[in-house]
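Morning, everyone. I have one structure to go through, and I will keep to what can be read off the coordinates. Here it is.

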Amino acid sequence: MKKLPVIFACLLFACQFGCQKPSPLTVEPPADAPAGALEVTVVSNPDTNIAVSPVDSSGLLPGDQTQYSGLFLVNTVKYDNGHGLLSVAYASAYFGDRKRPFVVNGKTLGYWGVDIMPMTTLPLKVGGIVMTRVPFKIHVGTRDTTFGYMYRAVFASLQPKSSFDWDDQQPDPIMSPTAFHDTVQTPEDLRVLAPAGGSVLSRTKALQLRWVGGGPIRIVISTYNVLTGKTRPVLQLKPDVNTGSAVIDPSLLALLPLARNYVFTFVIANRSDRLLGQQQQDRTLVQAATVYNTYVQFQ
Amino acid sequence: MPLSRSVVLLILAGMAGSTACAQAIFAPRASALGAYAALVQDVRGFTANPAGLTGMKDWDLYTTTYTTTGPGGGGFVFSGFGIGKRFFDNHALALQYSPGTTLDVVQRASFRIAGLSLATNRQISYIEPLAAAYAVRVTDRLAFGVQGRMQTEKITDPQYAIQQVTDSLNAIVPLQQQYSRDTWFGDIAVSWKPAENVSLSALGRGLVRSTSRGIPSKFDTLALTYTRAFELAAGWSPAPPVLLSLQASTAKRGALGAEWNPVADLSVRCGFYADGGLPPFIDAVGFGLGYRYLFFEADASYVRFTNQSVRGGTVASASFDPSLIKDLGMNPFTGNRASVSLRAMLGNIREAPVRIEGVEMLGSVYPSAFQAMAYRPVGRVRVRNTSRRPVSARASIYVDRLMDRPSQSQPVSVQPGESVDIPLTAVFNDRVKDVPAVTIREATVTVSSASEDAYDEHAQARVLIHGRNDWDGTPEGLRYFVTPDDPDVIRSARAIMLAGKDSLARVPAELGQLRRAKLLCDAFTGGLVYVKDPRHLTEFVQYSPETLRSRTGDCTDLTVCFSSLLNSIGISTAFVDVVPPRMPEKAHMYLLFDTGVSPAYGDHVSSNPKRYIMRKSRSGRETIWIPLETTAITHGFDRAWTDGAQEYFDSVELGLGLASGWVRIVDVY
């Protein structure tokens with residue numbers, strides 16, 4: 001019994017002075033991939049019955065496209081599959097009339113493409129170039145069905161960091177009571193250094209991404225069907241700061257479906273959002289983007 | 001082995017290998033000194049050298065806490081506790097629970113999940129929660145120890161999956177994976193004290209290993225490296241208040257430490273840690289204090305690393321290499337650490353300031369002279385004061401059955417660090433006289449500080465005990481065979497006196513003693529036979545009753561017998577021991593007895609003055625003594641006197657034996 005005070009003293013000593021946990025050693029990721037600097041979003045695929053442009057050509061996720069009635073795009077798109085670099089520059093304008101859906105078997109496949117340039121004397125211009133009205137086609141079964149109009153212009157190339165003016169001098173009296181004018185600046189040129197097109201990558205090793213091109217960048221990882229050429233976006237990565245590099249952790253790569261072919265779509269875009277019609281749903285996205293697609297394979 | 005050669009070997013060993021090691025930073029005393037292995041004597045930091053556990057006294061309790069200073073530091077962390085127990089004198093067990101011996105690593109992820117608060121960081125925990133050791137002391141200077149150490153690795157790896165919430169909506173859900181595995185290490189240690197102020201130790205670390213499965217191979221880069229290491233350590237106390245230590249490992253790590261006691265119970269410590277693998281060479285410096293009060297001991301230490309570059313709690317991934325972590329308490333990522341501990345010693349923990357350095361028996365024990373052993377040392381014990389205070393030490397000796405209780409010596413003052421010899425005197429009981437022949441007995445020699453009842457240390461010594469009739473060959477030793485108060489002797493002498501009372505009555509009073517001696521001797525005329533001793537390793541002497549019963553004996557037996565008889569009737573006797581030079585085989589002994597006659601009346605004794613001797617009697621008065629050749633008593637008193645007088649004249653008067661020293665006269669009583 002005489003020893004009890006001693007034991008109590010020892011326990012008291014231990015409890016009184018030892019209630020903290022040791023501070024952990026924090027291991028910071030490499031400087032080119034700061035901790036938490038990469039925001040990861042799993043890409044939801046909204047009602048895919050609605051016709052949307054693939055992300056590898058538009059730089060827009062399907063969900064982004066369905067949020068807008070109108071899309072005014074000026075894009076430079078590059079394709080790198082390891083056998084050469086293909087570059088395309090184009091502008092397109094489409095405005096869907098949400099009151100005129102195209103329904104097949106109860107499913108809405110798209111909306112009527114409003115002719116926003118009914119008078120040829122006052123054409124729709126982008127960067128001073130008259131855009132061409134083309135039919136807006138919706139893919140139904142094995143065939144395409146024309147359902148309204150859209151406008152396109154093709155360029156040999158687009159100068160980076162140059163302004164493009166959208167100029168609709170004859171507004172649709174129904175959609176917009178005033179003339180439509182907007183200006184968008186093309187972003188910097190974009191060149192992806194890693195992964196190179198045609199690379200064979202491992203899912204269990206951290207993947208280094210490197211590119212040249214400033215501005216707000218997003219990287220969309222999509223599966224790619226080599227037979228149909230269709231892509232299906234899975235993840236979108238958005239660095240907080242464009243440092244020209246990022247590292248994808250293996251735990252993220254593990255999220256990717258067990259497909260072999262993937263396309264990494266790097267997008268630097270300048271965007272503005274405006275209300276063109278009278279309804280809230282008539283929001284229009286004006287975008288100038290540089291899109292770089294690099295096609296890879298995962299082991 | 002000279003100390004210098006040991007030091008060289010240690011240094012060479014430190015340069016040789018390239019494997020893992022562990023520092024005992026768990027204990028503040030250990031962390032302050034750095035080189036601690038050779039100094040382990042209790043449960044504190046015993047993983048540095050489990051063999052040192054045999055230094056415990058009884059129960060040993062120990063708890064410690066620490067805090068990390070500087071960037072990344074926090075509050076005090078319960079480091080753990082240890083408990084040890086010494087049992088059966090030479091065995092010791094110890095257990096250490098150390099949840100604070102841990103290194104938690106958070107690998108921050110470079111990404112975050114949008115809109116969700118999912119943990120994306122990977123967490124790795126390295127823990128050494130348990131250690132257990134057993135030690136055994138083989139000799140006073142040699143001990144062995146084995147220990148098992150448990151190390152646990154835990155990895156929490158965040159994983160994710162895409163879950164389809166609706167047809168069009170996907171979400172990321174966490175699938176956090178946790179992995180864990182335990183590894184047990186087996187170590188073997190040895191401690192050796194070649195001298196009282198030198199201690200050496202060797203430790204084979206990680207000689208045996210058992211690892212459970214549980215962590216996938218993809219995390220191999222996060223695993224700690226498991227390799228064997230060999231550690232050597234030395235401790236040296238050049239003077240009692242100073243202690244120096246040195247330690248080296250095949251893992252290219254080493255340390256130097258020093259401890260100084262400016263006053264009793266207070267210790268000041270410092271140490272230097274060396275790392276031969278990574279610069280800088282001196283990678284840490286330790287400081288510490290220790291204070292002891294009764295059976296409590298408190299220690300404090302502070303370890304500061306010379307390179308602070310990666311010790312702020314945050315490190316770049318390129319700089320983080322788990323293979324650099326050889327020890328969870330001390331590695332390139334450990335921050336400066338302040339530790340405090342409390343130790344309690346329980347049970348039989350009395351200080352033992354006095355230690356036995358050696359026991360020497362000064363000769364054998366002759367039962368005939370057992371009374372003399374109470375005053376004459378039978379041996380001596382060399383004791384050393386190992387404390388920091390002067391102590392009063394005493395020694396005792398005990399021989400089972402032949403002694404009633406241990407015989408204690410007088411207290412002797414011993415200064416700190418001093419060694420002194422304490423004589424051992426033994427009080428035997430009467431049973432020692434029953435020992436028939438030479439025998440060897442174990443004697444227990446104990447030493448203690450005089451103020452304490454309990455002993456500090458004990459040792460065994462072998463005592464040669466002769467048979468009851470064995471004689472050491474000296475006339476002084478022969479005196480102990482003279483037994484005038486033996487009932488048989490008294491009865492025999494009184495019977496003779498009674499038979500001759502008539503003749504005694506006619507003798508003048510001043511010649512009474514002479515007459516009684518003559519009467520006594522003549523009673524044996526023709527009744528005694530001279531017989532040599534039996535063949536024996538030592539001289540064989542019969543006690544007087546034995547001679548009286550057997551009526552046989554050699555010169556010593558007869559001398560002893562007549563000495564006993566004469567003394568029993570009040571006549572003083574003395575032995576005349578004659579050892580002629582260069583002729584020891586002709587050594588001889590005969591008797592002198594005191595007539596009590598004054599030299600003035602010498603004519604009354606004999607007309608020939610060469611037939612008697614004048615010497616002082618027991619009363620200090622000079623009287624006439626008569627030599628008796630006891631072997632001639634069978635021919636009567638006169639013949640024995642004549643022969644004795646002749647021998648005395650030849651050896652003393654002519655041969656000058658007394659002056660030359662080969663004749664000695666030893667008074668019996």
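Predicted model: local features only at pLDDT ≥ 70, side-chain atom pairs only at ≥ 80, totals over all residues.

I will start with one residue. Along chain B, Arg551(B) sits in the loop that runs between α7 (544-550) and β31 (552-553).

Arg401(B) is not a glycine either, and its phi is positive, near 75 degrees. Is Arg401(B) buried or exposed? Arg401(B) is exposed, because the count of other C-beta atoms within 10 Å is 9, and 12 or fewer is the cut-off. This arginine belongs to the loop between β22 (391-399) and β23 (407-408) of chain B.

While we are on backbone geometry, please turn to chain A. The peptide bond that leads from Ala194(A) to Pro195(A) is cis, and its omega is near 0 degrees. Again as background, most peptide bonds are trans. Pro195(A) is in a loop of chain A, with β12 (191-194) on one side and β13 (200-201) on the other.

Now the overall content. Chain A has 299 residues, of which 39% are buried. Its secondary structure consists of 4 helices and 19 strands. Taking the contacts in chain A with a separation of 6 or more, 65% are between residues 24 or more positions apart.

Chain B has 669 residues, and 43% of them are buried. What does its secondary structure come to, in helices and strands? There are 11 helices and 36 strands in chain B. Of the chain B contacts between residues at least 6 apart in sequence, 61% join residues at least 24 apart.

Next, a helix in chain B. α8(B) covers residues 555-568, which is 14 residues. From first C-alpha to last, α8(B) reaches 20 Å, close to the 20 Å expected at 1.5 Å a residue. How many residues of α8(B) are buried? The count is 13 of 14, so α8(B) is mostly covered, with 20 or more other C-beta atoms within 10 Å as the cut-off for buried. After the helix comes Gly570(B), with a positive phi near 90 degrees.

α8(B) also packs against another helix. The axes of α4(B), residues 487-499, and α8(B) come within 9 Å and cross at roughly 70 degrees. That angle is why α4(B) counts as roughly perpendicular to α8(B). The crossing is right-handed. On the α4(B) side the contact is made by Val489(B), Ile490(B), Ser492(B) and Ala493(B), and on the α8(B) side by Ser564(B), Leu565(B) and Ser568(B).

Last, a sheet. Chain B has an open sheet of 3 strands in the order β20-β21-β25, with antiparallel pairing. Its edge strands are β20(B), residues 354-361, and β25(B), residues 419-424, and each pairs on one side only. On average, neighbouring strands here are turned by 25 degrees against each other, direction ignored. β21(B), residues 379-385, is joined to β25(B) by 6 bridges, and the two run antiparallel. Across that pairing, Arg382(B) stands opposite Asp421(B) of β25(B).

That is what I had. Questions, please.

Technical notes: Residues numbered from 1 in each chain as written. Chains lettered and ligands numbered in written order. Contact = placed C-beta atoms within 7 Å. Expected span 1.5 Å × (residues − 1). Pairing = 2+ DSSP bridges. Axes fitted to C-alpha atoms, helices over the stretch in contact; angles between N-to-C directions. Parallel < 35°, antiparallel > 145°, perpendicular 65-115°, else oblique. Left-handed = near helix turned anticlockwise from the far one by under 90°.
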